[in-house]
Amino acid sequence: MPPFTKSDLIWFNGELTRWDDARVHVSAHALQYGTGVFEGMRSYDTADGPAIFRLDAHMRRFAASASYYEIEWPYSFEQLCAASLDVIRANSLDNAYLRPLAFFDSYSFNVWPKGCPVSVAIIAVPGRPYIQGGPERGVRVTVSSVRRIDAASLPPFVKACGHYTNSVRAVQEANRRGFDDALLLNYKGEVAEGSGANLFLVKDGRVITNDADASIVLGITRDSVLQIASDLGVPVDVRSLTLDDIAGADEAFFTGTAIEVTPITEVDGRPVGAGKPGPITLRIQQSYFGAVHGRLPQYHTWLAYTRQMQTV
Ligand SMILES: Cc1ncc(COP(=O)(O)O)c(C=O)c1O
């Protein structure tokens, strides 16, 4: 897997800072204890210039994650949205991956982060597929022995840095087993989601996905796909998912900002449906790519254009 491509400038604590100067001390609380929160967003080229997809929803979730961990910053919602658009413009990017990050910085080794300053960064790098060729040919996944974090210990819906050691373990195991990604079960033994993506199944022409009570991150792509499916006239069921549901599914796919809409063709050596990207998955994927690239007027309100400084 290739590394990210560095860009020139990072928005760091209120200023556009050169990539090499956006540094953090090794004693930072977040490095010691995982006390940061983050988002993953993408911008796409459109006929009206680059636009960030669902910037508003991402920034709302970012603020909600921060609030959960009592991370407070001196920036307004509008300032962080404007900063995200600035980073795209300043680096002359179009299709980009953005990583807003807020964390407790260097001050104390106490677990309680009282007194730690908060740092906020928005990084943007050139975008590329999360799994090369995944959206076209589909991905192969394994059911992980690692269970998805449970609300009894950590809030699964919060995108906190420390929570992702859960996904790291699952994806490392999947890789060792020779698969592209993992499917994590929750503590109830139902299927939760991928290491960084939500799961959708298709059965008898209906689209099915699970909900917050399955210990998932409530994905913004998931929300977009639910809207797209209903606009395409595909009936949607939101309910818990089991391994038997997958075994009987006609199609399956992942949704996520990074992985976009990617078919799942195989689970632990067993083909899903016909073992290739299915027709409903491909229709939804086509609309999704149409929406993010601004080709479908009904979804224009999901785009925040860098040229207009408008945040929607
Ligand atoms: C664990 C997990 N589930 C699901 C998602 C999908 O969320 P979204 O569609 O908002 O990117 C992500 C990515 O943020 C994730 O990390």
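Around the ligand sit 15 residues, with V217, G219, I220, T221 and T257 the closest; a residue counts as near the ligand if its C-beta atom, placed from the backbone, lies within 6 Å of it. The model is a predicted one, where local features need pLDDT of at least 70, side-chain atom pairs count only at pLDDT 80 or more, and totals for chains, interfaces and linings use all residues. Numbering starts from 1 along each chain as its sequence is written. By class, the shell around the ligand holds four nonpolar, nine polar and two charged residues (nonpolar: Ala, Val, Leu, Ile, Met, Phe, Trp, Tyr, Cys and Pro; charged: Asp, Glu, Lys and Arg; polar: the others, Gly among them).

At least two shell residues each come from α6 (220-231) and β14 (251-256), and α6 gives the most, three. Helices (H or I, at least four residues) and strands (E, at least two) are DSSP runs, numbered from the N terminus. Buried residues of α6 are I220, T221, R222, S224, V225, I228 and A229, buried meaning that 20 or more other C-beta atoms, placed from the backbone, lie within 10 Å of the residue's own.

Domain 1 puts 19 residues into the contact and domain 2 puts in ten, contact being C-beta atoms, placed from the backbone, within 7 Å. On the domain 1 side, α2 (55-68) is among the elements supplying at least two residues each, and α2 has the largest share, five.

How values were computed:
Buried ≥ 20, exposed ≤ 12 C-beta atoms within 10 Å, placed from the backbone. Contact = placed C-beta atoms within 7 Å.
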